[in-house]
Amino acid sequence: MSDYVEIFTTYIVNGARDALSKVQQSTGTVSDKDRVQAWHLLGYALGVQAAWPQVRQLLLDLAPKMEMAGYRDEWLAFLRAGAERSVAQQDLAVEARLSLSIGLLLRLTNDYSEAERWLNRGLFSFQSLGDAHGIASVYNQMGRIRYLQHQDTEAVQFAQNALGLLADDDPERAESYFVLGMAALHQRQWESAEQSHRLSLAIRQQSGDPRTIAWAMQNVGTVLTQQSEYGGVDRLVEAAEWLEQAALLLESLPDPFHSAVARNSLALVHFQRGELEKATRLFCQAEIVFQTSNSPEWRARVLNNLGLIYLQSGQLIEAEKIFRSAVAIYAQLGDHADRLNSQHGIVLALLAQQRFAEAAALCQQGLTELDALKDAPAQYAEKESWYRSSLVRAQAGLRA
């Protein structure tokens, strides 16, 4: 029996070493063959103590590659098992890094409470290690969650705390400026948002990583697109240039999730230009990726955008249906700002169908729910104006 155990252990250790070598030699994503082999080995090797040196490195090296390829739920199971194994091995450094990776993936699936639980676990481990870079990385992920929850003041605080810990040449600073840029964008602070995202881009360019450079390009394009829509200036030509560059880079890697993000943003440019066919095609391509990658928040964004196209093209029943789908997702996520945005899309569809009583009732409901935006005064004022204007139209229709 002991001979069998020794033979099995040797097989697992050698297999893990081989899988690790293949992963480290791969550029970009891992081939399906190597991924399946690595996952198969991990299923056994996580329980073999002698294989831990190879297993720990395999988990750490695979984590960014699996995220890039869009694997979420299946990969999370391995990361969680690895985190628990690292506790048994008293390997605090690996527990910290895996906890951070788990928190990042859960943030991408919009499971914010569970993401924070893992991020706090990682934070405790990084603090125990005195790892300032790791602590800052956790703060940046926390900042991302806060801005996604429209808690911009807290998002800014997390990002500033991270910057206070990072060396001037640390590439992680790009994440901090990203969070600052998104919080400013929520507040319609156009210059601040653009400045932060351009700083993030400059840091990404210094690092030479085409993937993160493309992310930063996409973010600059997003600022310019939203400024064109809400800020009273037309910067759509610039926005399109940034977004097209980002999309080409991401598609060449490939990075399906972030490529879909770029396609969604580029579709918004086409929509603002009145190029509805091009916009629809890009939105539909992005929606498929967000659905298959379990990205509900991004899927809701695309559905809202498609609703606007259907509304503009007179497909009112379809517009109402798709806006309601977006509202349901945002409600489940607890994202009140974007829910109120899509909910007003329903109002517009109802008004266009001359269903004035339903539209009026939904406007009144929306006005009572605006307190959820009290920390975002620009968005509060914007949406209050929408709902009050639509209520006037609905009441006028009822009197006619």
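This report describes the fold of a predicted model and then looks at selected helices, loops and residues.

## Basis of the description

Because the model is predicted, local features are reported only at pLDDT of at least 70 and side-chain atom pairs only at pLDDT 80 or more, whereas totals for chains, interfaces and linings use all residues. Residues are numbered from 1 along each chain as its sequence is written, and side-chain values use heavy atoms, with hydrogens and water left out.

## Overall fold

The chain holds 19 helices and 0 strands, where helices (H or I, at least four residues) and strands (E, at least two) are DSSP runs numbered from the N terminus. Its radius of gyration is 23 Å, close to the 21 Å that the globule rule gives for 400 residues, so the chain is as compact as a globular protein of that length; the radius is taken over C-alpha atoms, and the rule is 2.2 Å times the number of residues to the power 0.38. Along its principal axes, the C-alpha trace spans about 90 × 40 × 35 Å.

Buried residues make up 55% of the 400 residues, with buried meaning under 20% relative accessible area, exposed over 50%, and partly exposed in between (1.4 Å probe, protein chains only). Of the contacts with a separation of 6 or more, 62% are between residues 24 or more positions apart, a contact being heavy atoms within 4.5 Å.

Not counting residues up to four places away in sequence, F290 touches F257, A260, V261, S295, W298, R299 and V302.

S293 sits in the loop between α14 (276–292) and α15 (296–312), and S293 counts as buried because its relative accessible area is 7%. The side chains of S293 and S295 are joined by a polar contact of 2.8 Å, that is, a pair of N or O atoms within 3.5 Å; within protein, one must be able to donate a hydrogen and the other to accept it, and residues adjacent in sequence count only if both atoms are side-chain atoms. Beyond its neighbours within four places in sequence, S293 is in contact with G70, R72 and F257.

Helix α10 (residues 190–207) has 18 residues, which at 1.5 Å a residue should span 26 Å, and its end C-alpha atoms are 26 Å apart, in agreement; the expected span is 1.5 Å times one less than the number of residues. Its buried residues include W190, A193, E194 and H197, and their cover includes α9 (173–186), α11 and α12. After α10 comes G208, with a positive phi near 75 degrees.

In α16, the buried residues include L316, A319, E320 and F323, and the buried residues of this helix pack against α15 and α17 (336–352). Just after α16, G334 takes a positive phi of about 75 degrees.

## The loop between α11 and α12

D234 lies in the loop between α11 (210–230) and α12 (236–252) and counts as exposed, at 63% relative accessibility. Its side chain reaches the backbone nitrogen of L236 at 3.1 Å. R235 is found in the loop between α11 and α12 too, but R235 counts as buried, at 16% relative accessibility. Not counting residues up to four places away in sequence, R235 touches E194, R198, L224, Q227 and S228.
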